[in-house]
Structures are given as structure tokens and as C-alpha cells.
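Student: I am new to this structure. Please take me through one part of it closely.

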Amino acid sequence: MRTLVKPRSLFIGLSALCLLSIWLSLALGPVSLPLFDTLRAALRLVGVPIAGEGLEQAELILGQIRLPRTLLGLAVGGVLALSGVAMQGLFRNPLADPGLVGVSSGAALGAAIAIVGGAAFGGLPEFFGPYLLSLCAFLGGLGVTALVYRLGRRNGQTNVAVMLLAGIALTALAGSAVGLFTYLADDATLRTLTFWNLGSLNGASYARLWPLLIVTAGVALWLPRRAKALNALLLGESEASHLGIDVEGLKRELVFCTALGVGAAVAAAGMIGFIGLVVPHLVRLLAGPDHRVLLPASVLAGATLLLFADLIARLALAPAELPIGIVTAFLGAPFFLYLLMRGRH
Amino acid sequence: MLRTENLQIRRDQKIVLADVTLDVRPGEVLGVLGPNGAGKSTLLAALCGELAPTGGQVWLDEQALGHWKGAQRAQRLAVLPQTSTLDFAFRVEEVVGMGRLPHQTGRTRDAEIIHEALQAADVEHLAGRSYLALSGGERQRVHLARVLAQLWPGQNGQTLLLDEPTSMLDPLHQHTTLKAIRAFADRGAAVLIILHDLNLAARYCDRLLLLEQGRPRALGCPQAVLQPDELKAVFGLDVLVQPHPELGCPMVIAR
């Protein structure tokens, strides 16, 4: 059998890659900053006292644009990857995706209501619009997930197969509603809606960042506490309960963490696909399926991968910018097919 | 000790199990026999709390089964289902190690127990391999090692429920596995085991429960239960029953 990477080496490697991605994400963009200046300015920003002559521009770009964008990328990537682990554990299937429980489509619907509905009332106020959009997306994701969860419950037990099918049905329903809003939208609104659906880390601001950072930290601290229970859940629900796991409670936590995490990520950065699917998979290939390693490693890998995807989005057509959802789908979909084909043999 | 009185399970108004009064005694291997659909797995599901009885009650020690807290119950009662659906590439010893989840015995002790359970189920040589790379029979033995590890070393007050643990095993491993289960019971644990092979049941079980259409037909030692007319009535099979030439236990031969 192929030997796996030792958890220690994995964490060292991933941390190094993550730091590199942060560094590049801070330095590169329409105005590229010298790497060394970026490092000095970043160190000054976090309070390390070093001489700052000639760094005024770098510090301005970093503090106002690159740093919030980088933090947004880290949080979105990390929380999407964690949600992927949670869903693959819940459905006991390595090809499950956070979107399965309807959270992404619910968020898309919430956003469509905010964008098109807002436009119908003569445009959203400048200072309030972005927050309303995020809030609607978040509530939409949470709402649809809650409905999927309710539909999957019978006699006090949650049937994940029913949840899966309910998720597909509600995703289709939400999709048709989004389609209706798309039909009703005027050209400008349509553009906003389309771009939002493709996802972007552009326009990150600290104000929109905080809720996501708090949710990400919460989920990232909570899920690893349940790592052993998640391992047991992969044996099967009844097996896990015979090992003393409160399976219903665990499933509730997994759905809640996913709804919260993906809801907050989509609210902050729009629809970004495949991270939740691909990252846990990559980590499992490297280090095996043990959740005690998989969960923390997926946070690092997800954050890193999203920052690199964002770099591609920023640089591929510079000075124009690709929506990041295009990049992740372009990289993720072939990888998914590869996994599917590999699984056949 | 696990026991039940007048256990009844109804499914969609149809009674699938009734009148089962049973105790699984420390140190004994209790075999459950019966044709397909006789209610063997239903009985096991009710005994481990997966199915709520529509009549009667299941007791673990002096407390109703449903009142036990998850981990405490799991330290006393382990269950091996007929099939398992693990689709992730855990290593063999990681799968077995999951049996230690209800315990806080520490890493060193757990490693010893995992090793001993792997030996008992004769899967020690598979340590380090991916579970997904194993054959059906090897997987079955790995899961047996897991439930053995859950109760290891096995003592008075613990109960192990096994649903056809030999269904995918070659003849040699059918015997080694049942010997391991026998040894486990000899250390004081109570074992209830669903079997299809009448000769294996006759050889390794202390008592047998013969189920027919959800009701107990006979309960007693193998000599008493494995009677040609009983077997004809329950299985519809003409058999000869003779003592094993070397061991003396009943041996069932189809005519």
C-alpha cells in the first residue's frame, strides 16, 4: 500500500504553502508590489516595529485592499473545505458536496431577492445594500437547509437519503425562483446577479469580513472536537450509535455548521464551487481519512487553494479580473471527473 | 446482563416478533437459528435498541436499555451487524481502534487491545493495509476485531451481539472465528450470535434459540433443540442428527 504523508509533515508543508499564498496574495495584483516590500509592510501592519520609509503606498494598498481580500479568501476557502468534510461525513460519501443540503441554492435565492427586489424599489441605498445582500443570502441558505433537514426527519430520526433527495428538489425549486428573478431583472441588475453567482473576493471590506471570520473560527474550533465521532459515523449510523455516539445530535451539528459556514461564505463572496468537494479529497489522498488530521488540514488546504485560485482570477486577464467561481470550477470539475473515473477501477 | 420479557415487535400492524423471553447469560454463547425472515435480525435490532419494542422491554443490567447513556451502554454492549458500508480508506488498525471510542483507556492500552483483538480475529497480518483493499471475508473479520476491541478483554457484565459473523468466511476461518468468540465468552462475556450453519451452532453454542415466523419454537441446549422433527417443521428440511464422532456434539446431515 502507498504510504501516506505523516500528519506532522503534512501540517508543515501546508502551513508553508499557506504562508506563501498569503504573501503572494498580498503582493500581486493590478499594482504589483515588490515581494520584500510587501513582507515589510505586512509586518508593520501587524505591529512589528521596523523602519517604514518608502512603504506608504504599499501599506495603503495592503491595509485597504489586499489584506481584507486575503483574509476573505482564507476564511472562505477554510470554511468551505470544512463544510465539505462535514457533508462527506454526514452522507458517508467522499463525493458529497456542501451544496447537497441546499445551502448554496438557498443563498443564491436570497441574493437574487435582495438584488432584484432592491432594484425594484429604486435601488438599494449605497451604505446598506451590500449588507442587505449578504444578510439575505445568509438567511436564504440557512432557511433552505433548515427545510431540507425538516423534510429528512421522520419519527425523530434523520434519513440522509431523503435529505439528499429533498436537497436536490429544493435546489431545483430555488433555481427556478432565481430564474424568475433573472427574467424580471433589468440589464444592470442582471449583471450584478450574474457576477454574484460567479463569486468574487473583489471589494472585500473589513465590515463584511468580521461575521465570516467569526463563523469560520467557530466552525473550525467546533468540528475538530467531533473528529472521532465523525470517524465512527463513517462506519454507518447504527454502528456509530453502538459505539456510544449521539448520532442524531452529531448530524444536527454537521448540518448546522455547514449551513452557517457555507451561508456566511456565500454571503461574503458569492458562489464559489468545488472547494468543499476537492479539498477534503486531496487531503484524504495525502493523509488518509482520519478526521483528527483531515479537519485541520482541510482548513489550511482550502484557504491556500482559494488564495491561489484568486491569484489566477486576478492575474489571468489583468488588469481585468475573472470571477473566482469560474477558476475554481475550471480546476475543480475535471478533478471531480478524475476522481469519478479513478473510483471505477 | 441483557434480558427481555415477552418482547414484541410490530411493523405496519404486522407482528414480526412476539413472545420472546430471553436472557443472555455471562459466559455463554447463545445461538439464534431460523429460516430467512424468521425474525432473527429483528430480534437482534430490538436487543440492541435499534428497534423500539411495541411490547415488552429490554433490560441491560437493572436498567431499561433506552435509559443508558451512549458511552456507558457501549462499554457493556457491542453489536456486529450483518454487513458494513465503510467506504473510506482507513487502515485496518484504525477501523479496529474505533472500537475503543467509548473508553478512555489511553493510547498505549488501546494499542495493546487493538493488537490483541486483531490477533483474536486472525487479521493481525492485515495491519497497515487499507480497509478498502480487503476482501469481503477479511472485512468481516476486521469488524469482528472492532467489536471485540470494544469489549476487550471481555468480562462478566458485557454482552456481544453478532449477526452472522461467519457468512463470508472460508471454512477454516468459520471455525477460528467461532473459537475466538467462544474464548471471549469463556472470559465471562455473554454472546448472542445469529448463525445459519446448524453444525457450527451445535458445536460452539451453549444454548440455541430456534425462531419460527417471529416466535420462539425451542430454546435449550443443542441436543434438545436440534431434533429432526423440529428442524423439519421449521426449515422444511429432512435431516439426520448424529453425534459428532470425536466431539459428541450433534451433527446435522441433510438427507
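Student: Which residue in β2(B) is the bridge partner of Leu7(B)?

Tutor: The partner is Val20(B), in β2(B). Before the details, note that this is a predicted model, in which local features need pLDDT of at least 70 and side-chain atom pairs count only at pLDDT 80 or more, while totals for chains, interfaces and linings use all residues. Residues are numbered from 1 along each chain as its sequence is written, and chains are lettered from A and ligands numbered from 1 in the order in which they are written.

Now the strands. Helices (H or I, at least four residues) and strands (E, at least two) are DSSP runs, numbered from the N terminus. Strand β1 of chain B covers residues 2-11. It runs antiparallel to β2(B), and 7 bridges join them. Two strands pair if DSSP finds at least two bridges between them.

Step back to the sheet. In chain B, 4 strands form an open sheet, ordered β2-β1-β4-β5, with antiparallel pairing. At its edges stand β2 (14-24) and β5 (63-64) of chain B. Each has a single partner strand, so one side of each is left without a neighbour in the sheet.

Between β1 and β2 of chain B there is a loop, and Asp12(B) is found there. Asp12(B) is not a glycine, yet its phi is positive, about 50°. Asp12(B) is exposed, with 5 other C-beta atoms within 10 Å. The cut-offs are these: a residue is buried if 20 or more other C-beta atoms lie within 10 Å of its own, exposed if 12 or fewer, and partly exposed in between, with C-beta atoms placed from the backbone.

Arg92(A) lies in the loop between α3 and α4 (103-120) of chain A. Arg92(A) is partly exposed, with 18 other C-beta atoms within 10 Å.

Last, another loop of chain B. Pro153(B) sits between α5 (136-151) and β7 (159-163) of chain B. The peptide bond from Trp152(B) to Pro153(B) is cis, with omega near 0°. Trp152(B) is also among the residues that Ala117(B) touches, not counting residues up to four places away in sequence.

Technical notes
Contact = placed C-beta atoms within 7 Å.
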